[in-house]
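Welcome! Here is a short tour for anyone meeting this protein for the first time. Please have a look at the sequence and the structure below, and then read on.

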Amino acid sequence: LKCHTCGYQMPLPSLCPSCNADSWRYLGSGTQRLEELVKEKFPGAGVLRMDADTTMRKNAHEKILAAFQRHEADILLGTQMIAKGLDVEKVTLVGILNGDALLNRSDYRCAEITYDLLEQACGRSGRGQYAGEVVIQTYDTSHYAITCAAAHDYVSFFKQEMRYRHLAGYPPYTYLVSIVFANKHEDQAKRDAAFARSLLTDDIRILGPVSLTKIHDEYRMRMILKGKDQLRLNLS
């Protein structure tokens, strides 16, 4: 097991460390595992994979895309990096796995990011003289980001998203300032955040501080300032 955020690695345990159960449920699939399944289902098709592992070398992105455009492979698998900007005339089918995965993020923009990514990915199919088709696999089929992207209905998505943001007081109806404290020692990061919090006045809405994921051996704390006066927030 490898964390792609902090780089921590550990062997896959055979038993659950909490309850000792020997049954695991795997959610989602990595691109490498997906490549194996695709080759198994379509043994006669050429497959290219484009992800963080296959693009580590210099100019790897360009080489993989050039090979696909020359039709040296029939199927291109990849992460979000292949969702935008590709213009390959003979691509007539796009499949999107876990289309609602980004909706689980603790980010008020998650619906917007999901819609944008799906809309861009859908646009890779049928760009030439051949008709295109898109298949979206999702667990939440009723979410407006999914339904609007599938229907290419930007106006309905915009209206729904703006209603949500107005109700919750998120941009563009308010301003947000994010302050992040990072330190290799967790206690120090918490002390720094708490001290900064004590300096702020009560006339500003303050969210946090809360813990963020650890990145590159640094513990992180974040505090968000929220209000309608951008100058006031910046001066804080």
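Which residues are buried in α6? In this predicted model, they are Ala 189, Ala 193 and Ala 196.

## Helix α6

Let us stay with this helix for a moment. Helix α6 covers residues 186-199 and holds 14 residues. From its first C-alpha to its last it reaches 21 Å, close to the 20 Å expected at 1.5 Å a residue.

The buried residues of α6 are Ala 189, Ala 193 and Ala 196. Seen down the axis of α6, its buried residues fall within an arc of 65°, so they line one face of the helix. On the face of α6 turned away from the buried side you will find the exposed residues Phe 195 and Ser 198.

## Helix α5

Phe 157, Glu 161, Met 162 and Arg 165 are buried in α5. Down the axis of α5, the buried residues fall within an arc of 125°, so they line one face of the helix. The other side of α5 carries the exposed residues Lys 159, Arg 163, His 166 and Leu 167.

Now to a pair of strands. Strand β3 (residues 93-96) has a covered face with Val 94 and Ile 96, while Leu 93 and Gly 95 belong to its uncovered face. In a regular strand the side chains alternate between the two faces of the sheet.

Which way do β3 and β4 run, parallel or antiparallel? They run parallel, and 4 bridges join β3 to β4 (residues 133-136). Gly 95 has Val 135 as its bridge partner in β4.

## The hairpin of β6 and β7

Strands β6 and β7 run antiparallel, joined by 7 bridges. In β7, Arg 222 is the bridge partner of Val 210. The hairpin of these two strands has 2 residues between them, and His 216 takes a positive phi near 50° there.

Strand β6 also contains Pro 209. The peptide bond from Gly 208 to Pro 209 is cis, with omega near 10°.

## The second largest pocket

How many residues line the second largest pocket? There are 19, and Arg 105, Ser 106, Asp 107, Leu 212 and Arg 222 lie nearest its centre. The elements that give two or more residues to this lining are β5 (175-183), β6 (205-215) and β7 (218-227). The largest share, 4 residues, comes from β6.

The second largest pocket has a volume of about 760 Å³. Its lining residues divide into 8 nonpolar, 6 polar and 5 charged.

## Backbone details in the loops

Asn 59 has a positive phi of about 65° although it is not a glycine. Asn 59 sits in the loop between β1 and α2 (60-69) and is partly exposed, with a relative accessible area of 40%. His 71, which is not a glycine either, has a positive phi of about 60°. The loop between α2 and β2 (75-78) is where His 71 is found, and His 71 is partly exposed, with a relative accessible area of 49%.

Another cis peptide bond runs from Pro 171 to Pro 172, with omega near 10°. Pro 172 belongs to the loop between α5 and β5.

## A last stop at Phe 42

Where is Phe 42 placed? The loop between α1 (31-41) and β1 (47-50) holds this residue. Phe 42 is partly exposed, with a relative accessible area of 48%. The C-alpha atoms of Phe 42 and Ile 146 are separated by 28 Å, and the two residues are 104 residues apart along the chain.

Definitions and conventions: Residues numbered from 1 in each chain as written. Predicted model: local features only at pLDDT ≥ 70, side-chain atom pairs only at ≥ 80, totals over all residues. Heavy atoms only, no water. Buried < 20%, exposed > 50% of the residue type's maximum accessible area, 1.4 Å probe, protein only. Pairing = 2+ DSSP bridges. 1 Å grid on protein atoms, 1.4 Å probe; cavity = no way out; pocket = protein on both sides within 12 Å on 5 of 7 lines; lining within 4 Å. Points joined across faces, edges and corners; volume = space filled by probe spheres on them. Nonpolar A, V, L, I, M, F, W, Y, C, P; charged D, E, K, R; others polar. Expected span 1.5 Å × (residues − 1). Arc of directions from axis to C-beta.
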